[in-house]
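Please examine the sequence and the model shown here. The questions that follow take up its contacts in turn.

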There are 2 protein chains.
Amino acid sequence: MDAITRIERALAGSLALTERPGAPPRLGEAMRYAVFPRGARVRPRLCLAVASACGDDLPELSDAAAAAIELLHCASLVHDDLPCFDDAALRRGKPALHRAFGEPLAVLAGDALIVLAFQTVARAAPLSPARAAAILVALGDGVGVPFGIVAGQAWECEAEVDLAAYQRQKTGALFAAAAMAGALAAGAPADPWRLFGERLGEAYQVADDLADAVCEERESGKTCGQDVAHDRPSAVRSLGLAGAVRRLEALTEEAVAAVPACDGAAQLKALIRSEARRLLPEKLALTTA
Amino acid sequence: MDAITRIERALAGSLALTERPGAPPRLGEAMRYAVFPRGARVRPRLCLAVASACGDDLPELSDAAAAAIELLHCASLVHDDLPCFDDAALRRGKPALHRAFGEPLAVLAGDALIVLAFQTVARAAPLSPARAAAILVALGDGVGVPFGIVAGQAWECEAEVDLAAYQRQKTGALFAAAAMAGALAAGAPADPWRLFGERLGEAYQVADDLADAVCEERESGKTCGQDVAHDRPSAVRSLGLAGAVRRLEALTEEAVAAVPACDGAAQLKALIRSEARRLLPEKLALTTA
């Protein structure tokens, strides 16, 4: 079964919990609206790619970890889009959740998606309680305090911003968690995968800054020009377009170099390079080819 | 060590994560503001009381479970107080978190507290991965979909409200999770404790409705008269003051009758009855004595 099929099936399985008789129906609708139809599923595919590279001997546990990573990502998008942050109009090519369901359900759907991520892995724990517990720690560190994506977002509320911490936490942390959770699901140690995940996260952030700057709204499915509008740090603003493209390429090679020794290392490195080419906005791929 | 000392120490230990160099300082301040100074700590005390009744052979795991329950409760208060819900001015006798730190940090502090609850138990998992995983499932069910407190809150966004589900989920679910997590931390099965926790939760909700109706602002430390102001269901509105007091007494006895057989059953029953007397607002204790 290919990675996307596994991920979509695992997400559908998790979200089926919302459909039990006696549950509030619109909350479940809002949660499914946040998760489907799918975006690129970059983070859960990373999780499964690392699990495969490490042997993937408990694929149901890997699927649970991958679904959890994506649920946390979707939750962060829902809350980041709220009026008190970006007040984004569009997300994945349709109205942002709070525009479609109202602000109360956007807060609650985000909360419930965070919880569902942990429920998903905890419910898979009978496969291996020790591995599941380690995955849950990695998930918590990727999203919570002190250095997860919520902490990254919170830097926007500080008077003085630690830029390196902001960028590493806001994007890198969940990529690191995705890679580490994939390794843990396959019984491999997590720490050797942290740097690899962080570099990929930085590369992805640069690609996102590039897409925002050249306004590829059709592709990213969200409102563009947000970095300038919200005066946010961006690789394009600090390095220029060509500089940001070079930075994306350098980070990709650093990620490739950071792949720990494992049976599937060569295949994983090839996958990373091909993904990085796909991430470069089309307009720029033409001008820098 | 008494229960409150254990709980405060466990919460302080969890929140110490926010103080690592490189973490955004105001997020940590906001999270501590949400958790300290303490409220009644009713749910974590329930968790520890059940753990004690079941032998409490891994007290550090019980402490982690109790802290997690309280962190989830504090998170729900922060998000329920947001402008898109109650827009409450006061909580525990001081400005609600979004009034003190702004709405963005209120959203993020709530998110981070939810995550911290799961981190706290996952980090204690080496004590017993299987018990920790079961506790994490109970926590997730208590707070998330389909029937946790987030689902309960989401009933306020439905056109047609299932009143019984609303009340059971909004308060009962986390009480049930507290009791079940306490049993699981001590290696006992969780299911026999669900009904006990749910009845206590209902009793507590009735006590809360009574406090809101007689406006004991000094004691509850939050804005009173909210049920009428927001047209919310309330035991006082449906049963009257005296009827609600009788309901509180009946639910307390149902909870006592639901205590499963265990070594500490008699002590636990005595504790429940004494707590229920404390919960009755002073004004009513005088008039109904």
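Q: Which residue meets A:Arg41 in a salt bridge?
A: A salt bridge is a side-chain nitrogen of Lys or Arg within 4 Å of a carboxyl oxygen of Asp or Glu. In this case the distance from N to O is 2.9 Å. The partner of A:Arg41 is A:Glu70.

Q: How many residues apart are the two members of this pair?
A: A:Arg41 belongs to the loop between H2 and helix H3 (42-53) of chain A, and A:Glu70 to helix H4 (residues 59-80) of chain A. Helices here are DSSP runs of H or I with at least four residues, numbered from the N terminus. The pair links distant parts of the chain, and its members are 29 residues apart.

Q: On what conventions does the model rest?
A: This is a predicted model, in which local features need pLDDT of at least 70 and side-chain atom pairs count only at pLDDT 80 or more, while totals for chains, interfaces and linings use all residues. Residues are numbered from 1 along each chain as its sequence is written, chains are lettered from A and ligands numbered from 1 in the order in which they are written, and side-chain values use heavy atoms, with hydrogens and water left out.

Q: What is the value of phi at A:Arg41?
A: A:Arg41 lies in the loop between H2 and H3 of chain A. Its phi is positive although the residue is not glycine. The value is near 55 degrees.

Q: How much area do chain A and chain B bury between them?
A: Buried area is the accessible area (1.4 Å probe) that two parts lose on being put together, summed over both. Of the area buried here, 77% is on carbon and sulfur atoms. The total is about 4,300 Å².

Q: Which residues of chain A lose the most area to chain B?
A: Contact means heavy atoms within 4.5 Å, and chain A and chain B each give 51 residues to it. Three residues of chain A together account for 13% of what that side buries. They are A:Leu108, A:Val115 and A:Val145.

Q: At what angle do H6 of chain A and H7 of chain B cross?
A: Axes are lines fitted to C-alpha atoms, for helices over the stretch in contact, and angles run from 0 to 180 degrees between N-to-C directions. The axes of H6 (residues 103-123) of chain A and H7 (residues 129-143) of chain B come within 9 Å. They cross at roughly 145 degrees.

Q: Which residue of chain B forms a salt bridge with A:Arg123?
A: The count between chain A and chain B is two salt bridges. In the one formed by A:Arg123, the closest N and O atoms are 2.9 Å apart. The partner is B:Asp141.

Q: What is omega of the cis peptide bond that joins B:Val145 and B:Pro146?
A: B:Pro146 is found in the loop between H7 and helix H8 (149-154) of chain B. The bond from B:Val145 to B:Pro146 has an omega of about 0 degrees.
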